[in-house]
Amino acid sequence: MGKLDVAMLRYLSKEHFRVLTAVEMGMKNHEIVPAALVASIAALRHGGCQKLLHELAKHRLVSYERGGRRADGYRLTTAGYDYLALKALSQRQVGEIVLSEILAMNSCKLSNFLLLLHVVTSGQK
């Protein structure tokens with residue numbers, strides 16, 4: 001099981017998640033999504049999709065891949081999928097962040113449960 005770095009979650013804007021969602025939607029039909037397709041799906045007002053893709057790639061939420069004979073493009077990493085899932089949980093107003101580590105959730109269909117997000121630095125074991 002890999003590590004999930006949730007520190008970056010607080011600094012991602014609405015446009016970042018819009019680009020992540022656009023990459024996910026593009027991956028329904030393409031293995032590697034070209035940047036032009038991501039820009040057209042995201043439909044950001046002032047452009048800047050390339051800058052947002054570069055920032056997301058820097059934090060390893062999307063991966064830039066050179067396709068050889070195919071076109072170059074981006075694909076969503078597992079951390080990107082995890083960020084989209086956490087964003088979906090927070091938008092449903094199912095949970096609330098407590099001390100930035102514990103997500104306490106309460107749903108009418110589910111019983112109460114806690115999701116503990118523990119951040120491990122490289123010095124800890």
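Visitor: Which residues of the largest nonpolar core touch the most other members?

Guide: The model is a predicted one, in which local features need pLDDT of at least 70, side-chain atom pairs count only at pLDDT 80 or more, and totals for chains, interfaces and linings use all residues. Residues are numbered from 1 along each chain as its sequence is written, and side-chain values use heavy atoms, with hydrogens and water left out.

The largest nonpolar core has 21 residues, and those touching the most other members are Leu12, Val19, Leu20, Val38, Leu53, Leu56 and Val62. A nonpolar core is a set of buried Ala, Val, Leu, Ile, Met, Phe, Trp, Tyr and Cys residues joined through side-chain atoms within 4.5 Å. Buried stands for under 20% relative accessible area, exposed for over 50%, and partly exposed for what lies in between (1.4 Å probe, protein chains only). In soluble globular proteins, nonpolar side chains tend to be buried together. Of the 125 residues of this protein, 27% count as buried.

The protein has four helices and five strands, running α-α-α-β-β-α-β-β-β from the N terminus on. Helices (H or I, at least four residues) and strands (E, at least two) are DSSP runs, numbered from the N terminus. Two or more core residues come from each of helix 1 (14-26), helix 2 (35-42), helix 3 (49-58), strand 2 (73-76) and helix 4 (78-91). Helix 1 gives the most, with five residues.

Apart from its neighbours within four places in sequence, Val19 is in contact (heavy atoms within 4.5 Å) with Val38, Ala42, Leu44, Cys49, Leu52, Leu53 and Leu56. Another residue of helix 1 is Phe17, which counts as buried at 7% relative accessibility. Leaving aside neighbours within four places, Phe17 is in contact with Leu9, Leu12, Tyr83, Leu84 and Lys87. The C-alpha atoms of Phe17 and Ala42 are 9.4 Å apart in space, and the two residues are 25 residues apart in sequence. In the protein, residues 24 or more positions apart make up 46% of the contacts with a separation of 6 or more.

Two helix pairings may now be considered. The axes of helix 1 and helix 3 come within 10 Å and cross at roughly 85°. Helix 1 is therefore roughly perpendicular to helix 3. Axes are lines fitted to C-alpha atoms, for helices over the stretch in contact, with angles from 0 to 180 degrees between N-to-C directions. Angles under 35 degrees count as roughly parallel, over 145 as roughly antiparallel, 65 to 115 as roughly perpendicular and the rest as oblique. Here Glu15, His16, Val19, Leu20 and Val23 in helix 1 meet Cys49, Leu52, Leu53, Glu55 and Leu56 in helix 3. This contact has seven nonpolar, one polar and two charged residues. In that classification Ala, Val, Leu, Ile, Met, Phe, Trp, Tyr, Cys and Pro are nonpolar, Asp, Glu, Lys and Arg are charged, and the others, Gly among them, are polar.

The axes of helix 2 and helix 3 also come within 10 Å, crossing at roughly 110°. Helix 2 is thus roughly perpendicular to helix 3. Ala35, Val38 and Ala39 in helix 2 meet Cys49, Gln50 and Leu53 in helix 3. The residues of this contact divide into five nonpolar, one polar and no charged.

In the loop between helix 2 and helix 3 lies Ala43. Ala43 has a positive phi of about 50° although it is not a glycine, and with a relative accessible area of 43% this residue is partly exposed. Arg60 is exposed, with a relative accessible area of 65%. Most residues other than glycine have a negative phi.

Finally, helix 4 holds Tyr81, which is partly exposed at a relative accessible area of 36%. Not counting residues up to four places away in sequence, Tyr81 touches Glu24, Met27 and Leu76. The C-alpha atoms of Tyr81 and Leu61 are separated by 7.9 Å, the residues being 20 residues apart along the chain.
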